[in-house]
Amino acid sequence: MTLSIIVATSLNNAIGKDNQLLWHLPADLKFFKTTTMGCPVVMGRKTFQSIGRTLPGRKNIVITRDSLFNSDQTFDIIVEPNLESAINHLQNEQEVFIIGGGEIYKQSLHLTDTIYKTIVNTTIEGDVYFSEIDPNQFELVWEEKHLADEKNRMDYTFQKYIKR
Ligand SMILES: NC(=O)c1ccc[n+]([C@@H]2O[C@H](COP(=O)([O-])OP(=O)(O)OC[C@H]3O[C@@H](n4cnc5c(N)ncnc54)[C@H](OP(=O)(O)O)[C@@H]3O)[C@@H](O)[C@H]2O)c1
């Protein structure tokens, strides 16, 4: 199984504030959707609540210490008590995406094979940040730069890193 992180950060690595994203970039949402479609997505409880719904076409795994979370089965999700348990249960999958947020990224970075990072060309204050990617540990293997347009108000760059 390949474990992949997918994340969008500002130039200063901010990823969110007040449990929300910091920008509205439809092109990045589309990239996220096409990259993760068909694969399980693993997220922290706060990120799940920030999205507010199940992501279609993907097994949604939500990590929480609250054993009663979704006990009324409101959402079509799998609840896991920690990251290790989530990963253990997904061993037979081809690729699994860690989709955030900050706490879950921190706990999974050392286990990750691949990182898909969108850099949004802005410097902005957040209350959750992504770690700087260590070039000794991860190699940049692909990069695609895009200029702002009518729908996407900031320049952005898609990057893919693979563990060395
Ligand atoms: N830019 C991006 O690409 C991106 C992607 C995703 C999210 N975000 C942003 O990131 C922010 C949310 O990140 P966050 O760090 O605050 O929260 P988070 O990582 O989404 O969720 C944290 C929650 O996950 C559960 N959790 C974490 N570690 C655990 C462990 N070891 N065992 C069991 N449960 C564990 C806990 O849930 P309980 O409290 O229920 O126990 C904890 O409160 C939001 O602003 C969101 O918009 C940004």
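Strand 1 (2–10), strand 2 (14–16), strand 3 (41–44), helix 2 (45–51) and helix 4 (102–108) each contribute at least two residues to the shell around the ligand. The model described here is a predicted one. In it, the ligand is surrounded by 29 residues, and the closest of them are Gly16, Gly44, Gly100, Gly101 and Gly102. Sorted by class, the shell comprises 11 nonpolar, 12 polar and 6 charged residues.

**Strand pairing**

| Strand pair | Sense | Bridges and example |
|---|---|---|
| Strand 3 and strand 4 | parallel | 4 bridges |
| Strand 4 and strand 5 (residues 78–80) | parallel | 3 bridges |

In a regular strand, side chains alternate between the two faces of the sheet. Strand 4 (residues 60–63) is covered on both faces: Asn60 and Val62 are buried on one side, and Ile61 and Ile63 are buried on the other.

In soluble globular proteins, nonpolar side chains tend to be buried together. The largest nonpolar core of this model contains 30 residues, and Val7, Val42, Met43, Phe97, Ile98 and Ile99 have the most contacts inside it. At least two core residues come from each of strand 1, strand 2, strand 3, strand 4, strand 6 (95–98), helix 4, strand 7 (114–120) and strand 10 (156–163). The most is given by strand 1, with 4 residues.

Ile99 belongs to the loop between strand 6 and helix 4. Is this residue buried or exposed? Ile99 is buried, because 25 other C-beta atoms lie within 10 Å, where 20 or more are required. Apart from neighbours within four places in sequence, Ile99 is in contact with Ile6, Thr36, Val41, Val42, Met43 and Thr47. Glu143 is 44 residues away from Ile99 along the chain, and the C-alpha atoms of the two are separated by 20 Å.

**Backbone features in the loops**

The loop between strand 6 and helix 4 also holds Gly101. The peptide bond from Gly100 to Gly101 is cis, with omega near -5°.

Asp18, with phi of about 50°, lies in the loop between strand 2 and helix 1 (26–36). Asp18 counts as exposed because 9 other C-beta atoms lie within 10 Å, and the limit for exposure is 12 or fewer. Gln73 has phi near 60° and is found in the loop between strand 4 and strand 5. With 7 C-beta neighbours inside 10 Å, Gln73 is therefore exposed as well.

Conventions. Residues are numbered from 1 along each chain as its sequence is written. This is a predicted model: local features need pLDDT of at least 70, side-chain atom pairs count only at pLDDT 80 or more; totals for chains, interfaces and linings use all residues. A residue is near a molecule or strand if its C-beta atom, placed from the backbone, lies within 6 Å of it. Ala, Val, Leu, Ile, Met, Phe, Trp, Tyr, Cys and Pro count as nonpolar, Asp, Glu, Lys and Arg as charged, and the others, Gly among them, as polar. Two strands pair if DSSP finds at least two bridges between them. A nonpolar core is a set of buried Ala, Val, Leu, Ile, Met, Phe, Trp, Tyr and Cys residues joined through C-beta atoms within 7 Å. Two residues are in contact if their C-beta atoms, placed from the backbone, lie within 7 Å.
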